[in-house]
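Q: I'd like a close look at one part of this protein, namely its aromatic rings and what surrounds them. Could you walk me through it in one go?

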Amino acid sequence: MFVQAARYMHRHNATAEDMMKFMCYGVEKEPDTVKLAKMNLLLNNVRGDVREANSFYADPHNAVGRFDYVMANPPFNVDEVVYDKVKDDPRFNEYGVPKNKSKTAKKDSDKKETVPNANYLWISYFATALNPTGRAGLVMANSASDASGSEYDIRKKMIEEGIISQMVTLPSNMFTSVTLPATLWFFDKTKPQTDKKDTILFVDARNVFTQIDRAHRKFSDEQIKNLAIITKLYNGDTAAFADLVDEYKAELANAPETAADKETKTKAYWQSNIDWLLERFPDGKYRDVIGLCKAAPLKGEDGIEDQDYSLNAGRYVGVVIEDDGMTAEEFNAEMLSLNDELSILNAEAHSLENKI
């Protein structure tokens, strides 16, 4: 995050005065990670104040309503957070604190009631940390997008208030240590004052990735730009779309036909990115694209209310059904042929099993 922040300022030719205005604040529970964060701040020439604390029980920066931007990748599905310690904290209770449906009888009478899942504590924490013009982006477990019970009530309140601007579903295997897929949540505190108050942009990016190896994926720089341009188009920035297409065309003009190594991007690569953009947004303006993006309204048929206030992008974006170009007769003939082939392969497999 610090590296990206420094690069952002350099790209925008930030002056010394701008650099002095920019300040990163953070909270981290593990002492060694605090030291790493402080070292990163120093190495990237970013002013910052990272404190050692447990975010659930301490608020060293007095966070409520203070921040212009929040970025976070919190741990998912944390349990054992004591309910009584967070229920009166304004960081968590503005939208409601997650609560168990019923208190189960415990043999240990001293056992404290815990929050069933801390995912919505994080979500509330980051939402309430924003000032009146603040924006946030956070990574969260997919399960939070349509969690039920008290979490449903929290999500509904946020949706109806209008602060959730966008949801992006990520591919699986994007993390180095776990395979589970995740979702990006975006908040914008100015959105309730706009005509987009009752609309949320959903982007399904599960099919947009670069395979690194069998177990890991990532977004290439161009894939990030292509996904980001959807938001810019949605917000009416058609010039940014034209600039991105022109950027790719300039790269195309200078690219080689074939790559000398894996890092070299060829003409075919740049043409594929141009095609990706123009096939989906041929007029250079935002439109809903099946399987990719949908601006879903709060009310109306198949709106967010109809979908029980789910924030799962797949419910709104839909799925592209590829046309195989075959008639019904051709399809039946193909299936019969494949079935015959499968029978032969099964017989061969049984024969090999007997030999083994």
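To begin with, how many aromatic pairs does a search of the whole structure find?

A: Happy to! Please keep in mind that this is a predicted model. Searching the whole structure turns up 16 aromatic pairs.

Let's start with Phe-56 and Trp-122. Their ring centres are 4.7 Å apart and their planes meet at 45°, so this pair counts as tilted. An angle under 30 degrees would have made the pair stacked, and one over 60 edge-to-face. The two partners come from distant parts of the chain, 66 residues apart: Phe-56 sits in the loop between β2 (48–52) and β3 (67–72), while Trp-122 belongs to helix α6 (residues 119–128). Both Phe-56 and Trp-122 are buried. They also belong to one aromatic cluster, together with Phe-92, Tyr-125 and Phe-126.

Another tilted pair is made by Trp-185 and Phe-187, with 6.5 Å from centre to centre and 40° between the planes. Trp-185 has a relative accessibility of 0%, so it counts as buried. Phe-187 is buried too, with a relative accessible area of 1%.

If you zoom in on β3, you will find it running parallel to β4 (residues 130–141), with five bridges joining the two. Opposite Gly-137 in β4 stands Met-71.

Finally, two rings have a lysine over the face. Lys-85 lies over Tyr-57, at 4.8 Å from the ring centre. Lys-196 is placed over the face of Tyr-234, at 4.9 Å from the ring centre.

Conventions: Residues are numbered from 1 along each chain as its sequence is written. This is a predicted model: local features need pLDDT of at least 70, side-chain atom pairs count only at pLDDT 80 or more; totals for chains, interfaces and linings use all residues. Side-chain values use heavy atoms; hydrogens and water are left out. Rings of Phe, Tyr and Trp (its six-membered ring) pair if their centres lie within 6.5 Å; planes under 30 degrees apart count as stacked, over 60 as edge-to-face and the rest as tilted. Helices (H or I, at least four residues) and strands (E, at least two) are DSSP runs, numbered from the N terminus. Buried means under 20% relative accessible area, exposed over 50%, partly exposed in between (1.4 Å probe, protein chains only). A charge sits over a ring if NZ of Lys or CZ of Arg is within 6 Å of the ring centre and within 35 degrees of the ring normal. Two strands pair if DSSP finds at least two bridges between them.
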